Amino acid sequence: MIDSFASGTCRVYGSLEWTAVTSPHSDPTSPLARSLERAPRWALPAAVGGGLLSAVQSRINARLASDIGDGFTASAISFGTGLVIVVVIVLARADLRARAARFGSDLRRGALPWPLALGGLGGSIFVLGQTFTVALIGVALFIVCVVAGQTVTGLVVDRSGLGPGGVRPLTVPRLVGAALMVVSVVIAMSAGVHLTAPWFLLALPIVAGVAMGLQQAVNGRVSQHTGHSMIATLGNFVVGTTVLVLVALGHALLTGNGPTSLPLNPVLYLGGAIGVLYIALGAKLAAPLGVLTLAMATIAGQIIGSVLLDVVAPSADAQLHLLTILGALLTLIAAGVTAGVGLPRRR
C-alpha cells in the first residue's frame, strides 16, 4: 500500500498488490481534491510547451543518429546525458538526496509497488519502436499509431484510477476530445501515411503509445509519493539509460556495426537536457491534469512543434501541406475539449 495516497480499492495482479487511487472528489475537503478543482491555469499551456520541447528533442536526436549512423547509440547517448544531468541536480540538493534515499527504501520495503519504478521503460520502448518501424511504415503512420495507443491508454488509466489524479469518469468532453485528437493527427499526417510493409508492424508503435501513456501515469504517482518530480525523473532515466545502453551494446556485438566517431557539434547532445525538462514537467502535471489531458496537450505540442520546425528550420525531406497545418490546429482544439476548457468548473 502507498501510505501517501488516499485509501483506495486494492487490486491484485499475480502477487503484486496495487492500490488504485479513488476519486478525490469523494472528499471535497482533501488537499488532492482542492488541487484538482483549482488546477493551475498554466498547467495546460505548460503541457503543450512540453510537447514543443519533445518535437525539438526528436529533431536533435534524429540528426545525431544520422551523423553517427546508429540510432541505438544515439538513443543511449541522449538518455545517458539526461541521466548525468539529473544525477548532478539530485546530488546538489540535500532535500532531493533525502527524497531519493526514501524512494529507494520504500521500493525495498514494498511500501511502493515496484512497477512504479519502471517508468523509463516507456521512453525506451518508444525509442526502440521508432528505430525498428519508422523506416518500414514511415514517420506519419508511426505517429498516428502512437497517438492512438497513448489516447486509449490515457482513457483507461484515468478511468481505473492508476494515475496520480484518482479516478476520472469517461465524460462526453473527454471522449469527444480523445476521438478528435486521433482524427486531428490523422489529418495532420495524412500526406505522409502509407503502408507497404505488413500490417502487423503497426502493433509495435501502438505498444509504444501504450507505454508512453503508462509512463506518464507511473511517473506522476512517483512524483506524488516522493513529493518532487525530479525523483520520478531520476528513476525514469536510470531505467531508460540501462535498457538502451544494453540494447546498443547488443546491437553492436551482433551486427559488428557501431559508431566510428562522434560529431563535435554540441547542439546534438542537448536531447538529454530537453528530455529532463520534458519528463519532469510531465511528472508534475499528471496529477492536476490527469493522464489523458496531459497526453492530449503533449501530443498537440509535438504536432505543432513539428510544423513550426518545418517552417523555421526545414529538414531535407520536409513537406509542409495545408492538411498538416489544419490538423495541427485541430489538435489544440482537441486538447482544450478534453481538458474542458470553456466549461464551468465543478463545485
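The dialogue below goes through a predicted model and asks what stands behind each label.

Tutor: Local features need pLDDT of at least 70, side-chain atom pairs count only at pLDDT 80 or more, and totals for chains, interfaces and linings use all residues. Residues are numbered from 1 along each chain as its sequence is written, and side-chain values use heavy atoms, with hydrogens and water left out.

Student: What makes up the secondary structure of the chain?

Tutor: There are 12 helices and 2 strands. Helices are DSSP runs of H or I with at least four residues, strands are E runs of at least two, and both are numbered from the N terminus. The order is β-β-α-α-α-α-α-α-α-α-α-α-α-α.

Student: Why does the span of helix α2 agree with its number of residues?

Tutor: The expected span is 1.5 Å times one less than the number of residues. Helix α2 (residues 43-68) has 26 residues, so it should span 38 Å. Its end C-alpha atoms are 37 Å apart, which agrees. Gly69 follows α2, with a positive phi near 85°.

Student: Why is Arg174 called buried?

Tutor: Buried means under 20% relative accessible area, exposed over 50%, and partly exposed in between (1.4 Å probe, protein chains only). Arg174 has 7% relative accessibility, so it counts as buried. Arg174 lies in helix α7 (residues 172-189). In the whole chain, 49% of the 347 residues count as buried.

Student: What is Arg174 in contact with?

Tutor: Contact means heavy atoms within 4.5 Å. Leaving aside neighbours within four places in sequence, the contacts of Arg174 include Leu155, Asp158, Leu292 and Thr338. Pro169 is also one of them. A polar atom of the Arg174 side chain lies 3.2 Å from the backbone oxygen of Pro169.

Student: Which residues touch the most other members of the largest nonpolar core?

Tutor: A nonpolar core is a set of buried Ala, Val, Leu, Ile, Met, Phe, Trp, Tyr and Cys residues joined through side-chain atoms within 4.5 Å. The largest has 29 residues, and Val86, Val90, Phe103, Met230, Leu234, Phe237 and Leu244 touch the most other members. Helix α9 (229-255) is among the elements that give two or more residues. The largest share, 7 residues, comes from α9.

Student: Which residues does Val86 touch?

Tutor: Not counting residues up to four places away in sequence, Val86 touches Met230, Thr233, Leu234, Phe237 and Val276. A second, separate core has 20 residues, including Val147, Leu292, Met296 and Ala300.

Definitions and conventions
Polar contact = N/O pair within 3.5 Å; in protein donor to acceptor, adjacent residues only side chain to side chain.
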